[in-house]
Amino acid sequence: MANRKTSHIPVHQLIGYYGIGSIYELRSHWNERQSGIHSVMVAGLDFWEPNDMVPIHDPVMEHILNVHEFYAPPIDTEEEENAKAAVPVVRFPKWLVCDKCQRLGRVPQEFEDRKFSGPRCLSCRGRGRGIPARLVVACQPNDHSERQTGHIDDFPWVYWVHRGRSCADPQLKMETVPGASSLRGLKVVCLNPPCLEQHVERSLGDALLPEALSSFRCTGKRPWLDDQEPCGRRVRVIFRHASNVYFPDIVSAVSIPPFSTELYQQLQRRNGRIIRNIQRDHQRNRSVDWDRILEELREEEWWIKPFTDTQVIEALKELSVISDTDVNQYRMKERRALLAGYPETPRALFIADPIPKERLSANLASMVDQIVQVHRLREVRVLRGFRRISPAGQYAPISKNQGEPRSWLPAVELHGEGIYLEWNRETMNIWAQQPAVKDRIKPLISTVDDHVRERANSIAILVHTLSHLLIKQLALESGYGLGSLRERLYLNNPDDGEEAAGILIYAASTATGGTLGGLVRQGTPERIARLLESAYEAARWCSSDPLCIEHRTPLDDEKNLAACHACCLISETACEWNNQFLDRALVVGDLQCRELGFLVGRFDKDDKMTISSP
């Protein structure tokens, strides 16, 4: 296991698409003149050093995920004395290709890597650099209901070229095939004399076919944990930088009152021991000595002076007895806090200003029930696992003792601003009852599994599509880049029957100062109306039409209908549902039925559907 610097990975991306188990290209510097590029995998929690990281506290998330605290990944520097604070990584894939002689091999057999300066080919006497092999194999889940293992391994080069037969001394080389392109333009040759005489070679053209390695079974290797476990499932060949190599499983929550106020934040950040002692007293049915606790706090915590004893005791009770056990239930509390609003107070982490409904025009009120300007928010994002091949199913572990309670998990704390829109649920319910709407989503509903069925309804797909269209428009109007904006969806909670149809579009960063207010300024009724109209006009035509708008059946694992990168898809880091469950036709209608679109007829424009350039 190599503990190397990862300073080029943004901290918030270590709790994201470059998290534990992901593959990342790392540049190392040997001296001022020489550097090397390595393909590495971020190692599991067993190899991290919590003492070198900054703790993050969120009582609700800690209770839900059953941990004591969270830690932010270390911010690496270029100074050698801080190297211990780097995120640990391991070389993956291990197989390399020489850029000079095209030899295939590993470190230290066919390549050497002195002082982590970059692999050098021994056959070329160090003149050739080792380039990471582009193919790997990942464990193929049997179905979406089982727990994912995350197993991943090097492509079986020796097995592939020898077609499963043994070789006493495999010596592999990559060669190009004249007149062919892509993988068909590459073949693997064994230079071992007996194999060379028999012309043992094989093209990579069929490597990506499902049956290519039908007789090869998963080795159960977990490079990020530096171990191996029994498996034997089928494997799937994928490119090492393919998007389906890694899907992080992230749990997030927005801090809301009272936990977002200064008193609660200070108590949970500085007095975790006192809170745990109160919890222990409750578990043992012992009375709490509030006088002793208050005396200790008054002596040691200068900041507590402005608060009364009653306020402190009430806060400690709330922090020690938290009833939330489910992230979705807590999200409904977030929604209620957004709708209720919260005024600006000193050092508060949540400031929300609902727009009076009287300010909404009749046309806007028929679509949007409530607008909230969120001037300040704090989001805690926690990485608890990841998936491969498919974003569905139970997540793979990020530590060896995943089945046991962990004392901590990696997390990042983001501060920012946003706009919350609560859609008019009555209008949406009427729209969703149309036969054309029901017929439209039937092909999509028939392909989904039970664990995501709550997303496969017309209102959920509509709200999600509107969110993406608005994010694209806000990127043009607010000054934020498209990759800087994120969505947070608030939809029906089947447990309590609460009807919800809201979206929070926000920008957040790791800086404690948050953002500059450009997004909040777009949250006035007049600007929201213009944004909706602009989003509608932009969505009426796509550069991929008519193919895009006529798309009525999901393809493979893609859970979309009329949606593509030219009209609806955004960065996957900004989307909660991995760019799935989108359909532009539910917003603007299709060529056969204009009334299908939710926004059709709501603006004073010519509503004729066009498929030519406007």
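Predicted model: local features only at pLDDT ≥ 70, side-chain atom pairs only at ≥ 80, totals over all residues.
Local features require pLDDT of at least 70 and side-chain atom pairs pLDDT 80 or more, while totals for chains, interfaces and linings use all residues. Residues are numbered from 1 along each chain as its sequence is written, and side-chain values use heavy atoms, without hydrogens and water.

**Exercise 1.** State how many salt bridges a search of the whole structure finds.

*Solution.* A salt bridge is a side-chain nitrogen of Lys or Arg within 4 Å of a carboxyl oxygen of Asp or Glu. The search finds 34 salt bridges.

**Exercise 2.** Determine which parts of the chain the salt bridge between Glu 201 and Lys 187 ties together.

*Solution.* Step 1: the closest N and O atoms of Glu 201 and Lys 187 are 3.3 Å apart. Step 2: Glu 201 belongs to strand S15 (residues 201-203) and Lys 187 to strand S14 (residues 186-190), so the pair ties together parts 14 residues apart in sequence. Here strands (E, at least two residues) and helices (H or I, at least four) are DSSP runs, numbered from the N terminus.

**Exercise 3.** Decide whether Asp 590 is buried or exposed, and do likewise for Arg 440.

*Solution.* Step 1: Asp 590 forms a salt bridge with Arg 440, with 3.6 Å between the closest N and O atoms. Step 2: Asp 590 lies in the segment after helix H15 (585-588) and Arg 440 in helix H12 (residues 435-445), 150 residues apart. Step 3: buried means under 20% relative accessible area, exposed over 50%, and partly exposed in between (1.4 Å probe, protein chains only). Step 4: Asp 590, at 2%, is buried; Arg 440, at 1%, is buried.
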